[in-house]
Amino acid sequence: MARIIVVTSGKGGVGKTTTSAAIAMGLAKKGHKTAVIDFDVGLRNLDLIMGCERRVVYDFVNVINGEATLNQALIRDKNCNLLYILPASQTRDKDALSQEGVGKILDELKKDFKYIVCDSPAGIEKGAHLAMYFADDAFIVTNPEVSSVRDSDRMLGILSSKSRRAEQNEEPIREYLLLSRYSPDRVKLGEMLSVDDVQEILSLHLLGVIPESKSVLNASNSGTPVILDEKSDAGQAYADIVARYLGEDKPHRFIDEKKGLFGKFFGSK
Amino acid sequence: MSLLDYFRTSKASSASLAKERLQILVAHERSSRNQPSYLPQLQKELLEVIRKYINVEQDAISVNFEQNDTQETLELNIVLPEHQTKTS
């Protein structure tokens, strides 16, 4: 059975697209045929993060409007042949996405793909609503920072009342916390909310912590999902997250600061 | 980081302040999330009716909606002014 995962947060800039690209690549690398969809109509960026921006011919809205077939619009990833990207449209028409149209496309994708990752736009407008509406699982990307935590809680409220599963009284969406841009050093100094703090406030199952890392910018600069940078801490964190999601038992990492005085002088990249 | 900072850490850290603020805020927002959407309008209209007869303050009325497994309760609390109005 195919599963639809929404990557959402409410707040912008917390790492939704980075996360969508990384986990979609991770799932595909594990041998599961995966599609990743950009729901940010008007401000598409997933194509850039995935490094396929020059191969976009047709987009999500073209398929909904019947101007292209799904197969024409899906872009096969250059690093992994089990991964496909459906880019967002750059149209400024806010109503380009319809619930019916999105539902149809997801139904069609479900026949062929094991996982469908929906990269939600920020906010709680139509695009964000449609990205989460059909979801089976939700990855809540949160930064250890007050506005992000608050917005995540708001998204949880929306997931539990406005999603298809909620409306049809089905088993609720499974919600997972991904805490990103985490700095164990700052937590130690009392300058940043800890994993435990955020979990206590949101009462969510923790799927993983992604440390603040230079490798994330390096990855987006070059258009390769950070999970492919297997030496980087963020890449490893995402690999762990994918493994945990698939049911593997991986102890949590990157929660405690890794370096003593020695490490500070001979620090990692 | 200066040596002085080490002595200052006994003061409440900014992270614990953040946690405290969030806990209060999130609890408040969650409780209002489960309320029926008509509640603010109901409160406004009730207040209008009451003010026809009694001169109460805008904030003299509180409407609480509570839900448990078996029942839903709507609790209405109106604080009357100390000197009752004589309009009858």
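**Note on the cavities, pocket and chain interface**

1. The second largest cavity has a volume of about 30 Å³. This value, like the others in this note, belongs to a predicted model. The residues that line this cavity are A:Gly208, A:Val209, A:Ala237, A:Asp240, A:Ile241, A:Arg244, A:Arg253 and A:Phe254.

2. Two elements of chain A, β8 and α12 (233–245), each contribute at least two residues to the lining of the second largest cavity. The largest share comes from α12(A), which supplies four residues. Sorted by class, the lining of this cavity holds four nonpolar residues, one polar residue and three charged residues.

3. The count of cavities of 30 Å³ or more comes to two. The largest cavity has a volume of about 50 Å³. Its lining is made up of A:Thr18, A:Ala21, A:Ile49, A:Val216, A:Ala219, A:Ser220, A:Thr224, A:Pro225 and A:Val226. The elements that give two or more residues to this lining are α1 and α11 of chain A, and α11(A) gives the most, with three residues.

4. What classes of residue line the largest cavity? Six of the residues are nonpolar and three are polar, with no charged residues. The lining of the second largest cavity, by comparison, includes three charged residues.

5. Attention may now pass from the cavities to the open space. The largest pocket has a volume of about 500 Å³. It is lined by 28 residues, and those closest to its centre are A:Gly13, A:Val14, A:Gly15, A:Lys16 and A:Thr18. A:Thr18 is also one of the residues that line the largest cavity.

6. Which elements of chain A each supply at least two residues of the pocket lining? They are the helices α1 (16–29), α2 (46–50) and α11 (214–222), together with the strands β7 (174–182) and β8 (205–211). The helix α1(A) gives the most to the lining of the largest pocket, with four residues. By class, the pocket lining divides into 10 nonpolar, 11 polar and seven charged residues.

7. The remaining points concern the interface. In chain A, 16 residues are in contact with 13 residues of chain B. The area buried between the two chains is about 1300 Å², and carbon and sulfur atoms give 58% of that area. Of the area that chain A buries against chain B, 39% is supplied by A:Arg150, A:Asp153 and A:Ile201, more than by any other three residues.

8. How many salt bridges are found across the interface of chain A and chain B? There are four. The side chains of A:Arg150 and B:Glu29 meet in a salt bridge, with a distance of 2.8 Å from N to O. A:Arg150 is also among the three residues named above for their share of the buried area.

9. On the side of chain A that touches chain B, the elements that give two or more residues are α7 (146–162) and α10 (195–202). The most comes from α7(A), with six residues. The residues of this side divide into seven nonpolar, three polar and six charged.

Technical notes:
Residues are numbered from 1 along each chain as its sequence is written. Chains are lettered from A and ligands numbered from 1 in the order in which they are written. This is a predicted model: local features need pLDDT of at least 70, side-chain atom pairs count only at pLDDT 80 or more; totals for chains, interfaces and linings use all residues. Side-chain values use heavy atoms; hydrogens and water are left out. Contact means heavy atoms within 4.5 Å. Buried area is the accessible area (1.4 Å probe) that two parts lose on being put together, summed over both. Ala, Val, Leu, Ile, Met, Phe, Trp, Tyr, Cys and Pro count as nonpolar, Asp, Glu, Lys and Arg as charged, and the others, Gly among them, as polar. On a 1 Å grid over the protein atoms alone, a cavity is a set of points where a 1.4 Å probe fits but cannot get out, and a pocket is an open set with protein on both sides within 12 Å along at least five of seven lines; lining residues have an atom within 4 Å of a point. Grid points are joined across faces, edges and corners, and a volume is the space filled by probe spheres set on the points.
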